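Reader: I'd like to learn how to read a model like this one. Can you take me through some features, with the general idea first and then the case here?

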Amino acid sequence: MTTQLPVAPATRRSRFALGAGDQRKAGPIAYVLLIVAALVSLFPLYWNLVAASNSGARVQQAPAPLLPGSHLLDNLSVAWNEVHMGTALVNTTVVASVVSLSTVLFATLAGFAFAKLRFKGRNLLLGLVVATMTVPPQLTVIPLYQIVTDLHWTDTLQAVIMPSLVAAFGVFFMRQFLVEALPVELVEAARMDGANSLRIIWHIVFPIARPAMAVLGMLTFVQSWNDFFWPFIVLTDNGTPTLQVSLAGLGAGNHTVDSAIVLAGALISTVPLLLVFAFLGKHIVGGITAGAVKS
Amino acid sequence: MATSVKADSGGSPASVPPSPAQHRRPSPSSLRSKIYHWDLKASPYAFIAPFFLCFAAFGLFPLIYTGWLSLHKVQLGAEGQAQWVGFENYAKLMGSEFFWHALVNTFTIGVISTVPQLLMALGLAHLLNSKLRGRAFLRIAVLTPYATSIAAATLVFAALFQTDYGLINSLLDVFGIGPVQWETSKWPAQIAISTIVTWRWTGYNALIYLAAMQAVPNDLYEAAALDGASRWRQFISVTIPSIRPTILFTIIVSTIGATQLFGEPMLYGGNVGISGGSGGQYQTLSLLLYQTGWTNNNLGRASAIAWVMLLILLLIGAIQVITARVNRKKLGG
């Protein structure tokens, strides 16, 4: 099963940095098309800022504004107070951090076992990991909701965190990385010296896996930050939202607010991740191309 | 060492010379050695246990339990009073107009979001795969939509597609087109929702293609160029066949994503979002599942919808396997 997966041959060094690739120079048409693509990608975000900084009346008037206005702070403060955005920001940070840490930790342990240890049922279990990547949340949401209700966890953060503690994609990602990056001789030598498994994990696997762990952590953080379906179902009381649930409440017409304020809310949920992208964009690009290909 | 657990050299035969450290191994009779052997045998399972325990509890068990629920009449919060009805939920779905509409909508929205998305991603990857100034910036720029949430992206696009004062209708007006009813007409609404999906994922897929393209040996292009192949011809005859497994992979992943569309149609519709628009013109299977289970309080029927989705995914998986086989035969491999 795994042999059919598209695995781009990558050397250890180029793992998280795209190489130069095709060395032919791009022509002018290529530049035009790429710049158009970049503008189309960025324009909705720019316009989000424009709409969030104009008055609601101005946004709902044709033709739509194209330049930022002076109402940004007003709109942000209305959005912030309307749907518990402050609480949501803290909640989302907590959820995304816990989910990322746990996913990275368990994925590294399992990825190491699948990559470098031989045990009965390994191939079968690895196949199962790959297969579970295709199970969407819709298929499990009803019993999960019942479990959460029975535990009286509705409207709590652990209800959001619990089903996301592990990720099949993460296990597979770490396995693919460690197959190449971790020389088996290193593990064997440590064993010969009598090192137990925990020491091997701590002193050999973690240091070598660190770059991949960072990438997996970032990808998981982005995904968890933006998750909508399950939080929307399990956080029904407006008092304990995540950012996306707040935003849905703001946008779904439950509140008498105009689109400038809704989009100010959208800005609050987007900006933290955009800042992450501004600083770590290169690494995230490298990580996606290194890992996602093989999922 | 009489144990099946040992470090694995990753497929290739172990070529490690007998280590000089070997004689330092603890003597077989000591307690330490017993612990050592036990550790060696058990640790792989200990390492994979957290994943499989969590998966069993929050993945596999709920999946099967959903199937069991789908054979019952049961309401939210009253699972104790579940009443066996056999395949009645499925039969009712098959006879339900709403179900077939949702199924068809899921399919059409899936097609008009996945096909252009992947074609554009291929083109974009091809363009990015050459000597470029500002390459890093362009790559990050096309990936930026991936960092926005479904909720934020949908609300921004809902404002852009607004019929009376939205920017897109203003732009179309310049060309004498419109105004297009992006919310109430069926196809425009489905196109608008597909646009959100396409915007968020095109750059991501382009980077996946780019990574695959960079693994294509340059010699192939040089040889093709010597044979007089144009760049377009090289793209069709060298690039595409070389990255075929990656293309297949993105098709599968996008299709799986398309079967579960929920947030985009829901938030795009504002206060009529839960029912998939004023006339259900973009109601998807996921929305119908939510509406059936949580609004109409019919968990059994909602579970049946979930299992129909599972069957669709299995079908997609089967098609993947068959396509991969046929491809391999064609290539004579």
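**Rings, helices and turns**

Author: Let's start with burial: B:Tyr204 counts as buried, at 16% relative accessibility. Buried means under 20% relative accessible area, exposed over 50%, and partly exposed in between, with a 1.4 Å probe and protein chains only. This is a predicted model, where local features need pLDDT of at least 70 and side-chain atom pairs count only at pLDDT 80 or more, while totals for chains, interfaces and linings use all residues. Residues are numbered from 1 along each chain as its sequence is written, chains are lettered from A and ligands numbered from 1 in the order in which they are written, and side-chain values use heavy atoms, with hydrogens and water left out.

Reader: Next, the rings. How many aromatic pairs are there over all chains?

Author: To pair, rings of Phe, Tyr and Trp (its six-membered ring) need centres within 6.5 Å; planes under 30 degrees apart are stacked, over 60 edge-to-face, and the rest tilted. Searching the whole structure turns up 30 such pairs over all chains. Take B:Phe99 and B:Trp100: their centres are 5.3 Å apart with 70° between the planes, an edge-to-face pair. B:Phe99 is buried, at 1% relative accessible area, and B:Trp100 is partly exposed at 38%. B:Trp201 and B:Tyr204 have ring centres 5.2 Å apart and planes at 90°, so they also make an edge-to-face pair.

Reader: Where do B:Trp201 and B:Tyr204 lie in chain B?

Author: Helices here are DSSP runs (H or I, at least four residues), strands are E runs of at least two, and both are numbered from the N terminus. B:Trp201 and B:Tyr204 both belong to helix α7 of chain B, residues 186–214, and sit three residues apart, about one turn of the helix. B:Trp201 is partly exposed, with 28% relative accessibility.

Reader: Which residues form one aromatic cluster?

Author: The members come from two chains: A:Tyr145, A:Phe228, A:Phe229 and A:Phe232, together with B:Phe262, B:Tyr290 and B:Trp294. B:Tyr290 and B:Trp294 also turn up among the buried residues of α12(B).

Reader: Why is helix α12 of chain B described as largely enclosed?

Author: Count the buried residues. Ten of the eleven in α12(B), residues 285–295, are buried, so the rest of the structure largely encloses this helix. Just after α12(B), B:Asn297 takes a positive phi of about 60°.

Reader: How many helices and strands does chain A have?

Author: Chain A has 13 helices and zero strands. Of its 295 residues, 55% count as buried. For contacts, think heavy atoms within 4.5 Å. Among chain A contacts with a separation of 6 or more, 75% join residues 24 or more positions apart. A:Gly287 is in helix α13 (residues 259–291) of chain A and is buried, at 0%.

Reader: At what angle do helix α9 and helix α10 of chain A cross?

Author: Each axis is a line fitted to C-alpha atoms, for helices over the stretch in contact, and angles run from 0 to 180 degrees between N-to-C directions. The axes of α9 (residues 184–192) and α10 (residues 197–226) of chain A come within 10 Å and cross at roughly 150°. That makes α9(A) roughly antiparallel to α10(A); the cut-offs are under 35 degrees for roughly parallel, over 145 for roughly antiparallel, 65 to 115 for roughly perpendicular, and oblique for the rest.

Reader: Which residues of α9(A) meet α10(A)?

Author: A:Leu186, A:Val187, A:Ala190 and A:Arg191 do, facing A:Ser197, A:Ile200, A:Ile204 and A:Ile208 of α10(A). By class, that contact has six nonpolar, one polar and one charged residues. Nonpolar covers Ala, Val, Leu, Ile, Met, Phe, Trp, Tyr, Cys and Pro; charged covers Asp, Glu, Lys and Arg; the others, Gly among them, are polar.
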